[in-house]
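Take a moment to look over the sequence and the model together before reading on.

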Amino acid sequence: MRKITTLLLAVLAINLSAHDKFWLGADISGTTAIEAFGGQLYNAAGEPRECTALMKELGLNAVRLRVWVNPKGGFSSKDDVLKMALRAQALDMPVMIDFHYSDWWADPGKQNIPAAWADLDYNGMKQALAQHTIETLQLLKDSNIDVRWVQVGNETTNGFLWPMGRAQENMEQYAGLTQAGYDAVKQVYPNATVIIHLDCACDPARYDFIFDGLRQYGTRFDMIGVSVYPYWDIDAGLETDYKGTVKDFAANIKRISEKYGVETMIVETGVEAKKPVEGKEILQAIFDAAINDCGGHCHGIFYWAPEAEGGYPLGAFDNHRPTIIMDVFTQAARTQK
C-alpha cells in the first residue's frame, strides 16, 4: 500500500506541474453560522481553529462562498459573505462566489424566486439579478477581495428562478437571465471566470441539454462547474458503485471541454464522513481521475462543507475534527510545493 501511495503521489506531482495551479478548495459558507451557534473546530491534534485557517492548514488554497438574496437570519447574505471573504483574503486564498439567486437553498430540485422579486416580469428579473450581482461583487471589490471565479446559479441543471427561468419550458429566458448575470460579473470583475454549474457530472445528457441550449441563444460562459458525488449517483440509480461515477465523470469532463471549448472544475464533491477509510479511497480516486483522466481540462476540486456534521452525511469531519478524508487534500498540496 505504501508503494502504491508513493507512486500515486509521484504521478500527481508530474501532472500537477503541467497546470498553472490545481485548485484545492472547500465551500465553507456555514462558517459564521457554526460560530453563531457556539460551534468550535479543531485540527487533528485537538487545537482550536477558525474554519478558514483550518482549511489553509490542511493544504487548501481557495474558498467557495454561496450568496443568498435576502436570507432569514442573515447567513450567506452579501454582508455575511464579505465577512468570510476577508478571512480568506488574510490567508491569501482566492474566492469563488456562488450566486444561488434565491433567499435559501437552490439546487436541481428547487430554484425559488426571491420574495422581493416575485412580481417582476422577465426584463425586471434580469435587472434585479444584475443589480444583486453587481452590488454583491462591488462590496467585495471595495475590500480588494480576490474573486477569481463566479457561479451564475447553483446546480442549474433545470435552470433557475422558476418558473420563469426553468430550462425545460423556458430555455430562452434561462439563457437570457444567465447572460444578464455574466455581464454583471464582468462589469465588476472583468477577469473573473464565470462558471455555469450542474450536478451529476457522470450524466452527459444533462450537460448537453443545458449547454446546447445556452449556445443556441448565444449565452456566454467561461467554465463548466460540475458536482461529483458518488453517494448521490448511486442513490439516484445513475451508478452502481463509486468506480462508475469516477470513470464516467472523467470521460464527460473531457468530452464537454472539447465540445464547448471551455475548461472545467469540480466545484462540489463529498464522501461519507462516517466511513473515513472508504471515503479517503473514493476521494483519492476522484483526485486521480480529475488530474490524470480528464485530458488536462479539470483545474481544481472543491469539497462541499467538509466541516459539516449532524444530519449531513457527506462532510469530512468527526467530533469537529478533520478525518483522514482531508489527508487527500494535504497530500495533493504537497505535490505543488
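Is R206 buried or exposed? R206 is buried, with a relative accessible area of 19%, where buried means under 20% relative accessible area, exposed means over 50% and partly exposed lies in between, judged with a 1.4 Å probe and the protein chains only. Before going further, note that this is a predicted model, in which local features need pLDDT of at least 70 and side-chain atom pairs count only at pLDDT 80 or more, while totals for chains, interfaces and linings use all residues. Residues are numbered from 1 along each chain as its sequence is written, and side-chain values use heavy atoms, with hydrogens and water left out.

R206 has a partner in D199, with which it forms a salt bridge whose closest N and O atoms are 2.9 Å apart; a salt bridge is a side-chain nitrogen of Lys or Arg within 4 Å of a carboxyl oxygen of Asp or Glu. D199 also counts as buried, at 12% relative accessibility. The structure holds 20 salt bridges, and among them is the one between R148 and D146, whose closest N and O atoms lie 2.5 Å apart. Here R148 is partly exposed at 31% relative accessibility, and D146 is partly exposed at 36%. Another salt bridge joins K275 to E272, with 3.6 Å between the closest N and O atoms. Salt bridges that share partners also join D27, R64, D98 and E268 into one network.

E268 leads on to S227, since E268 is one of the residues in contact with S227 when neighbours within four places in sequence are left aside, contact meaning heavy atoms within 4.5 Å. D199 is also among these contacts of S227. S227 lies in strand β8, residues 223-228, and is buried with a relative accessible area of 2%. Its side chain makes a polar contact of 2.7 Å with the side chain of E155 and another, of 2.8 Å, with the side chain of H197. A polar contact is a pair of N or O atoms within 3.5 Å; within protein, one must be able to donate a hydrogen and the other to accept it, and residues adjacent in sequence count only if both atoms are side-chain atoms.

Stepping back, the protein has 11 helices and 12 strands, which are DSSP runs numbered from the N terminus (helices H or I, at least four residues; strands E, at least two). Its C-alpha trace spans about 60 × 45 × 35 Å along the principal axes, and 56% of the 337 residues count as buried. Among contacts between residues at least 6 apart in sequence, 77% join residues at least 24 apart.

W68 and W104 form a tilted pair, 4.6 Å centre to centre with 35° between the planes. W68 lies in the loop between β4 (62-67) and α4 (78-90), and W104 in the loop between β5 (95-99) and α5 (122-141), so the pair ties together parts that are 36 residues apart in sequence. W68 is buried at 3%, whereas W104 is partly exposed at 45%. F99 and Y101 form a stacked pair, 5.4 Å centre to centre and 10° between the planes, and both F99 and Y101 are buried. Ring pairs also link W68, W104, W105, W304 and Y312 into a cluster.

Notes. Phe/Tyr/Trp six-rings, centres within 6.5 Å; stacked < 30°, edge-to-face > 60°.
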